[in-house]
Structures are given as C-alpha cells and as structure tokens.
Amino acid sequence: MPDISRLAGGALATATHALATVRTAAKPLHPSGKVFHGSLRRLGSTASTGVAWLDEPGTDDVEVRLSRAVGLPDALPDIHGLAVRVHGPDGPGDLLFANTGTRRLTRYLLTATRDPGRPMTTLLPYRTPTGAVLLRADGAGDGSFELCWARPSGPWTAFATLQLGERQDDSARLSFDPLLHRVPGLEQYDAVVRLREPAYRRARRTR
C-alpha cells in the first residue's frame with residue numbers, strides 16, 4: 001500500500017480520536033444523517049481489476065446514508081459523507097466515502113465544503129488481485145452519484161451509477177462497518193485494519 005495512504009490513515013485516526021475525546025456521543029463522527037433506499041447500476045470497467053463487482057455489469061439494491069462529519073449547520077463547510085451498503089448474495093458490503101480532492105495527492109486529503117455533491121473518495125485504497133484501488137463518488141444531481149475507481153495515482157475509471165430512492169425514517173438503526181461488511185474482492189490492507197479497528201470497536205460497544 002502506498003506510503004501516502006498510510007499517512008492519510010494516520011491523520012484520520014488521530015482526528016477521530018481527538019473528536020471522540022471532546023464529544024461524548026456514541027458516534028463522534030457523522031453523528032446524524034439521512035438514509036435512503038437506492039439502486040446501484042454497475043456498467044462494468046474498461047480495465048480489469050480482478051474484482052467482479054468492479055469489472056462486471058449488474059444491479060444491486062443498496063441503502064445509503066448522507067451525513068456531515070462534524071455535524072455543523074448546513075450554512076457552514078463540513079466534510080460530507082456517503083455511506084453505501086450493498087446487498088449481495090454473500091451478505092452486505094459497506095463502502096464509506098468522504099470529501100477529498102481528486103488529484104494524485106489530494107485524493108488522500110479530506111476537505112470541507114458546503115456542496116454535498118463535491119467529489120468524495122474512500123480515502124484509503126482497497127487491496128485487489130491486481131493491486132490497490134481507490135473508489136470515488138461524484139454527485140450528478142437528482143439524487144444520483146457516479147462511481148469511479150483508480151489506482152493510487154492513476155486516472156479515474158467510471159464503473160457505476162448510484163440512484164437514491166425512498167427515504168427511510170430511522171437513520172439511527174443502520175450502522176456501517178467496512179471492516180465487518182466487505183464487498184467481495186475489495187480487501188482491507190492490514191495497516192488500514194489496524195488504524196480503523198480501535199474506532200470501530202468503540203462504536204460497536206455503543207450500539
């Protein structure tokens with residue numbers, strides 16, 4: 001895994017711990033949000049990653065949570081989050097996106113914005129049979145997002161469209177955990193697990 005992704009993970013872990021220290025809520029980050037049913041239409045990829053979910057066309061039922069990391073008023077910049085639960089034959093898989101840049105270095109840096117449609121990435125890459133990939137989501141209007149993947153410093157390849165549907169009433173019942181719920185073929189690097197596990201272990205205890 002690239003050194004830059006290790007640095008991004010360390011920064012994320014430090015920020016999460018600092019916020020958890022001053023905020024006693026069960027969820028120090030993304031404390032509230034809106035949850036929707038949705039549909040994810042995979043178009044397939046022009047290049048192979050070795051992961052069927054990225055490479056092959058198909059349609060998935062999903063649940064989606066839109067939130068703000070700190071929970072600031074809408075008029076103020078915040079880091080917007082997009083959490084996607086993919087319901088597959090082997091069980092659910094969770095993907096988490098947050099506002100970042102999109103260039104070679106900035107795709108690993110969180111950014112605050114007032115626009116929830118600004119680009120988001122998974123911040124840290126996944127391990128695949130052909131190497132590391134990072135995922136990206138861009139707001140496309142009308143409750144839709146375009147999903148892409150890229151090598152750690154490579155160009156972006158579109159592979160799917162996410163469409164939000166009916167809003168659900170209860171946003172508290174749905175807890176996303178990308179360490180427990182993985183999309184088949186998208187594996188977590190050991191370094192990523194070590195960085196994220198303490199925060200997710202704490203969150204599991206409060207559920």
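How many aromatic pairs does the structure hold? The structure, which is a predicted model, holds 1 aromatic pair. The rings of Trp-53 and Phe-159 have centres 5.4 Å apart and planes at 65°, so this pair is edge-to-face. That label follows because planes over 60 degrees apart count as edge-to-face. The two partners come from distant parts of the chain: Trp-53 belongs to helix H2 (residues 52-55) and Phe-159 to strand E9 (residues 157-167), 106 residues apart. Both Trp-53 and Phe-159 are buried.

**Charges over rings**

Now look for places where an arginine meets an aromatic ring. The charged end of Arg-85 sits over the ring of Phe-176, at 5.4 Å from the ring centre.

**Residues in the loops**

Next, let us visit some loops. Which residues with a positive phi can you find there? One is Leu-123, whose phi is near 70°, and another is Asp-142, with phi near 55°. Neither value comes from a glycine. This is worth a second look because most residues other than glycine have a negative phi. Leu-123 sits in the loop between E5 and strand E6 (126-128), while Asp-142 lies in the loop between strand E7 (131-141) and strand E8 (144-150).

Is Asp-142 buried or exposed? Its relative accessible area is 77%, so Asp-142 is exposed; the cut-off for that word is over 50%. Leu-123 has a relative accessible area of 5% and is therefore buried, as that term covers values under 20%.

Tyr-108 is another loop residue, placed between strand E4 (91-99) and strand E5 (120-121). Tyr-108 is buried too, with a relative accessible area of 3%. The C-alpha atoms of Tyr-108 and Thr-122 are separated by 8.6 Å, and these residues are 14 apart along the chain.

| Residue | Relative accessible area | Description |
|---|---|---|
| Tyr-108 | 3% | buried |
| Leu-123 | 5% | buried |
| Leu-76 | 41% | partly exposed |
| Asp-142 | 77% | exposed |

With its relative accessible area of 41%, Leu-76 is partly exposed.

Conventions:
Residues numbered from 1 in each chain as written. Predicted model: local features only at pLDDT ≥ 70, side-chain atom pairs only at ≥ 80, totals over all residues. Heavy atoms only, no water. Helix = DSSP H or I, 4+ residues; strand = E, 2+ residues; numbered from the N terminus. Buried < 20%, exposed > 50% of the residue type's maximum accessible area, 1.4 Å probe, protein only. Phe/Tyr/Trp six-rings, centres within 6.5 Å; stacked < 30°, edge-to-face > 60°. Lys NZ or Arg CZ within 6 Å of the ring centre and 35° of its normal.
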